[in-house]
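I opened this entry to keep track of what I looked up, pair by pair and then chain by chain.

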Amino acid sequence: MIRFLVKGLLRDPNRSVFPVLIVGAGVMITVLFYCWVLGVREDITRTSAVLDTGHVKITTKAYGEIPGQMPNDLALSGIGRLVPELFRDCPEMDWVPRIKFGGLLDFPDDKGETRVQGPVLGMAVDLLTPGSTEVRRLNLAGAIVRGRLPEKPGEILVSEEFAEKLGVDLYETATLISATATGGMAVQNFILAGTVRFGIGVMDKGTLIADITDIQYALDMADSASEILGFFPDMNFDEVRALGEKTRFNAVYENIRDEFSPVMTTLKDQSGPGEYLDWVDRWIFIFIFVFILVMSIVLWNTGLMSGIRRYGEIGVRLAIGESKGHVYQALIGEALATGMAGSILGTFLGLGFSYYLQEVGIDISGMLQSAAILFPNILKAKIGSGAFYIGFIPGLGATVLGSLVSGISIFSRETSQLFKELET
Amino acid sequence: MLIIKLAVRNILGAGLRTWLNVFILSLAFLTIVGVQGLLQGFNQQAMDAMIDMELGGGQFWHRRYDRYDPLSIENAHEKMPESLTRLIRKGEATAILMTSGAIFPEGRIQSVVLKGIDPAQTLLDIPSAILQTHGEGDIPALIGSRMAKEARLEKGEVVTLRWRDIFGTFDATEIVVAGIMSTSVQSVDSNQIWIPLDTLREMIQAPGQATLVVLSKNLRNIPPDDGVFVFRDLDFLLKDLTAFIKTKSAGSSILYVLLLFMSLLAVFDTQILSIFRRRKEMGTLMALGMPRTAIIGLFTLEGALHGVLALAMAAVYGVPLLALAAVKGIALPSMTESIGLAIADTVYPAYGAGLVLGTTFLILITVTIVSFLPTRRISRLKPTDALRGKFT
Amino acid sequence: MKAITLLLLLLFPFPLYAEFPTGSEILKKIDENLVADQAESLTTMIVHGRAQSRTITSRAWIRGSDEAFVEYLSPAREAGKKMLKLGDKIWTYTPEPNDRIIAISGHLLRQSVMGSDLSYEDITENHRMLDLYDAVVEGEDNLDDRQCYVVKLSGKIRGLAYDSRKIWVDKQRFLPLKEERFAKSGKLLKTTRITEVFQIGERWYPKRMTFKDMLSKGKGTEYIIESIDFNVKIPEHRMTKAALRK
């Protein structure tokens, strides 16, 4: 029976190829839509997670009260012990120390005296350890405007706009003048390896990105960091697990009532992104719900019509003695087959496109005049677990439902009438 | 004319299926207009807020002033030229003087930007009048709610402020928080302390000086630059916001494409089917002498009518919906502060004529194209086959 | 009331003033102790931070009122850093691999030196107090079992970092055992205390001092003069930018 149906489907492209293509297209759009919306949701938090909050963040209690002032005298110490501990207790997450600092970047003339200088906000991350996740997470390679990524100690990146304003060239010596964690003046030479564009106004005015080991040395912060950020795999913020991790971690240090004891907060604790995420989730739910509903109507329509167009054939089959129930079953069976085939095809294609959009993204900088840019200008989709089945709701469900409804008319019509429809 | 009549009759005759397609199309149309309207409203509001609170109708900056370089303000103040002081006297401009200082909430140093503003000014929406009504004693200060949170200051609280006059001599005194203003414009809030202009001038011994001059929104004749104070227009001052909105618009366009795709799929599907099912009708029409092109025209028109009906339907249920959103606004949570733009709690969507017309045009064109594509098959149709319900 | 006061003043005109030298006399004597035409010193600075304390040693040469050269000796990360002050200009030098001379101006001048409670301005100060301030003796006090004059100083030139100061001057040794530095408004910004003194030749000189910024919560900075030589002959090239790189 099944072989019969499949053969029939394969031999009549009108019965198979066309509905499968339509269902496939519908499913593909659904999957793409779903992944895209998830990507947009993530984009909203990604920028702040990547740059600032992490999915979870550890600072000292005192630092956490006034993070805006970048009080590195209150930095976390003993990170050489703390980070491995975090990896041991929660190995699936990525734990990265960072230092934030302010200062002046000073470019000398050939006598080693100040030629130009400007204020910078610095971010020190692990740039140089082989296999460091930070370069990719910050999408630094994509943000390079001139030059290249730092490859050895002592190399830095600055905002292109800053470099342009100061009129400095690649591979020039740049001296960072800042304050050490103990408040002394820190002076450290770097080589300007490249310039980046972030696409975030404030950051493009003057940001410095350096390797954390260099900055630990420059700011006299050996074994210290402003903060340790924790990231879930694939940048996928998992609220429940983040909360669990926070509770577990803070319980360990609960009894130490020291202002230098580490405290963990989640992305949601930071009032901005947290509230925003709740809001976005509500809207995303509505959006996806409506979309699937509408797509179901479209595909239900397809199922309906593919039933209707075959009334003639059904008439013949009834005339040669097939029972109405059997014909109905066959119709549903075919709808199941086309729906399944279409859904699989559509999900496959949808996932394929989504994967491309997740990995490569769409670079909208062309629409924005400026060339390379860090964050919001590369739009990305995100494949959530729902992407694997969500397309089947309209693809299979709606198609079959459409057939079920249109097939009912088999029972209500006279054989002679259906046969007549074949004739005409 | 006949074709139009026929097309309308056919499409309306198709009943429920037509209305489903029309509904889906109208939904796509409304979503595009709605989301784009939200972004435009957002843009408009952020722009208005920045203009009202900070930018006015443009500003004259002291030539050494750079809003992104906190160190620049130390040397960026001078006496204003007569052209600007005249505007200030007429109430068409107001001067702002800046200097850096430090406050010591709970014994911890925090650097701040001190901004002097004329308490009597009404040009900016900053509630500077609070500074005027304050009595003798400590210097009254106006801060934003973000600043209040950062420094953990409350209204009426007293905090030590230290600064230097322009000659370098330290000075310090207590200031009292006379008022806390709530504003979406971060640049008048974070790390900013507003005090009366004349008090600040006295404090740093810079009588008659200003860092920048804000012009009235209604000012038509902008005086020429004098070399010391340089005019910055709104395009320059709003550059970051414009770039941000552009990014978001480009980002949401992907969603529009998918939505359109979905609704066009429905139309496409319907067209294919109706062409398949109405072979005999076509044969009849051909037999009666209607040229193929006219039949193609008829079917294309039927498809395209979906678009027209969708617009009509969107108008029926969409206009009240969008209007409600525009009046009531859409509540936003407090957004990430790192963006550094003015983001209000509630966004009121703004649907420009260009947006509505553009989207209408887009829907009509794409629907027509999608309706036309399946009809090409008709051109290969032989009337005899068609009459018998066959395709060649 | 007024009449009685006047009467008292007429009856006892001398005891109130006679045993007090004038403000300028006191300042002159302080300057004789503290201000040198030239000197070479070895000092230790202990900075008490919120988390830990640090000890920094340095060698300094001063000449006249506005020339100074400082070389940091320890800890290791500060060793080799140098600072030169000529007039109102200050340069710092950070040795190889940085090999940078940075002019300290404006905002940087106000930065604390090595995280201490002293700014670059504080640390290079070698002005005759007499040139900067008018002094009025306000009374006397007992401090650490030493008899002191309490002297109020008010700036007589424009642009002084501290508009006024109040010093407790040892009546015999003429060292300001305690000093309060005020903002123009009269608000107390900084205090210094001399807790140990020593004699070198004719001069009395502070051995151990404590600086504290009064607006912030810090624990202050200790400053110890390990040795000082007022008879040193400072070579001409010492006070040049070229010397920073040597």
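I looked up A:Glu134 and found it buried, with a relative accessible area of 0%. The model is predicted, so I kept to features that pass the pLDDT limit of at least 70. The partner I noted for A:Glu134 is A:Arg98, in a salt bridge at 2.8 Å, N to O. I then placed the two: A:Arg98 lies in strand S3 (residues 94-108) of chain A and A:Glu134 in helix H5 (residues 134-137), so the pair, 36 residues apart, links distant parts of the chain. A:Arg98 also counts as buried, because its relative accessibility is 0% and the limit is under 20%.

Next I checked another residue of chain A. A:Glu172 sits in the loop between helix H7 (160-166) and strand S7 (173-179). I record A:Glu172 as buried because its relative accessibility is 16%. Leaving out residues up to four places away in sequence, I listed its contacts as A:Phe107, A:Arg115, A:Phe190, A:Ile191 and A:Leu192.

In chain B I took the salt bridge between B:Arg63 and B:Glu78, with the closest N and O atoms 4.0 Å apart. B:Arg63 is in the loop between strand S1 (59-62) and strand S2 (78-79), while B:Glu78 is in strand S2 itself, 15 residues apart. I noted both as partly exposed: B:Arg63 at 43% and B:Glu78 at 26%.

In chain C I found C:Arg63 and C:Glu67 joined by a salt bridge at 2.8 Å, N to O. C:Arg63 counts as buried at 17% relative accessibility, whereas C:Glu67 is partly exposed at 22%. I also wrote down a network in which salt bridges with shared partners join A:Asp220, C:Arg54, C:Arg77, C:Glu78 and C:Lys81. Over all chains the count of salt bridges is 49.

Then I turned to where chain C meets chain B. I have 20 residues of chain C in contact with 20 residues of chain B. The two chains bury about 1,800 Å² between them, 50% of it on carbon and sulfur atoms. I counted three salt bridges between them. One that I looked up is C:Lys187 with B:Glu174, where the closest N and O atoms are 2.3 Å apart. The side of chain C that touches chain B has six nonpolar, five polar and nine charged residues.

Last, chain C as a whole. I noted five helices and 13 strands. Of its 246 residues, 49% count as buried. The accessible surface of chain C comes to about 11,900 Å², with 54% belonging to carbon and sulfur atoms.

Terms used
Residues numbered from 1 in each chain as written. Chains lettered and ligands numbered in written order. Predicted model: local features only at pLDDT ≥ 70, side-chain atom pairs only at ≥ 80, totals over all residues. Heavy atoms only, no water. Contact = heavy atoms within 4.5 Å. Buried area = accessible area lost by both parts, 1.4 Å probe. Salt bridge = Lys/Arg side-chain N within 4 Å of Asp/Glu carboxyl O. Nonpolar A, V, L, I, M, F, W, Y, C, P; charged D, E, K, R; others polar. Helix = DSSP H or I, 4+ residues; strand = E, 2+ residues; numbered from the N terminus. Buried < 20%, exposed > 50% of the residue type's maximum accessible area, 1.4 Å probe, protein only. Areas by Shrake-Rupley, 256 points an atom, 1.4 Å probe, with all protein chains shown as cover.
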